[in-house]
Amino acid sequence: MKMINMLRIKKLFNMKYPYELINAENIPEETGVIYIANHRDMIDPPLVMSAIGKKPVHLLLKSDFGEKFYTPLLSSLGCFYVTRDNRDSQILTKEEMMKIILAGHDVIIFPEGTRNKTDKELLEFQKGAVSVARATGRPIVPLGISKKFDDFQEKIVVNVGELITYSIG
């Protein structure tokens, strides 16, 4: 499976969507990390990819993305898919995610399961990220994405939280 070229994505993305990265020192050097972030906008996946730097990463997407004309491109970039309302798909996706992480590759998950289009700050998290972290003993790095207006211009901020660790079990 090919992985996303982070340097290319970061260059292109930063030209179009500049952002402020807070607490970048919380992005670990180690690999096999699960990155989680809130999700309000379609730019969130490339934003998170850009924020974590040049590390190769795999992105978990809902299966709807696997049924579009751009699926071959997304798959070649290392994306994989889950059908959220199908238990068999959830199990297979969890197994695939565990293999990817244990092979030393990073994964990005948006645990809300969909874009948050409500007035709530966060939607209820799905259990996948924590389940995989517990099964593999690999850490989770939370990222908070926010937008604020400064001098009548939108400013995107990505705040990297502290590493969350789990014991295998």
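**A close look, helix by helix**

Modeller: Let's begin with α2, whose buried residues are Asp44, Pro45, Leu47, Val48, Met49, Ser50 and Ala51. "Buried" is a relative accessible area under 20%, "exposed" is over 50%, and "partly exposed" is in between, using a 1.4 Å probe and protein chains only. The helix runs over residues 44-51, and with seven of its eight residues buried it is mostly covered. Just past α2 comes glycine 53, with a positive phi of about 95 degrees. The names of helices and strands are DSSP runs numbered from the N terminus: H or I for helices, at least four residues, and E for strands, at least two.

A quick word on what you're looking at. This is a predicted model, where local features need pLDDT of at least 70 and side-chain atom pairs count only at pLDDT 80 or more, while totals for chains, interfaces and linings use all residues. Residues are numbered from 1 along each chain as its sequence is written, and side-chain values use heavy atoms, with hydrogens and water left out.

Stepping back, the protein has five helices and seven strands, in the order α-β-β-α-β-α-β-α-β-α-β-β along the sequence. Of its 169 residues, 40% are buried. Contact here means heavy atoms within 4.5 Å. Among contacts with a separation of 6 or more, 66% join residues 24 or more positions apart.

Now for a pair of helices. α4 (residues 87-102) packs against α5 (residues 128-136) at an angle of about 50 degrees, with the axes 10 Å apart. That angle makes α4 oblique to α5: under 35 degrees is roughly parallel, over 145 roughly antiparallel, 65 to 115 roughly perpendicular, and the rest oblique. The axes are lines fitted to C-alpha atoms, for helices over the stretch in contact, and angles run from 0 to 180 degrees between N-to-C directions. From α4, the contact uses Lys94, Met97, Met98, Ile101 and Leu102, and from α5 it uses Ser131, Val132, Ala135 and Thr136. By class, that's six nonpolar, two polar and one charged residues. Nonpolar covers Ala, Val, Leu, Ile, Met, Phe, Trp, Tyr, Cys and Pro, charged covers Asp, Glu, Lys and Arg, and the others, Gly among them, are polar.

Which residues of α5 are buried? They are Ala129, Val132, Ala133 and Thr136. They span an arc of only 100 degrees around the axis, so they sit on the same side of α5; the arc is that of the directions from the helix axis to the C-beta atoms. An α-helix has 3.6 residues a turn, so residues three or four places apart point the same way. After α5 comes glycine 137, with a positive phi near 75 degrees.

Finally, the loop between α4 and β5 (106-109) holds histidine 105, which is partly exposed at a relative accessible area of 24%. Its C-alpha atom is 4.6 Å from that of glycine 32, although the two are 73 residues apart along the chain. Alanine 103, also in the loop between α4 and β5, counts as exposed at 52% relative accessibility.
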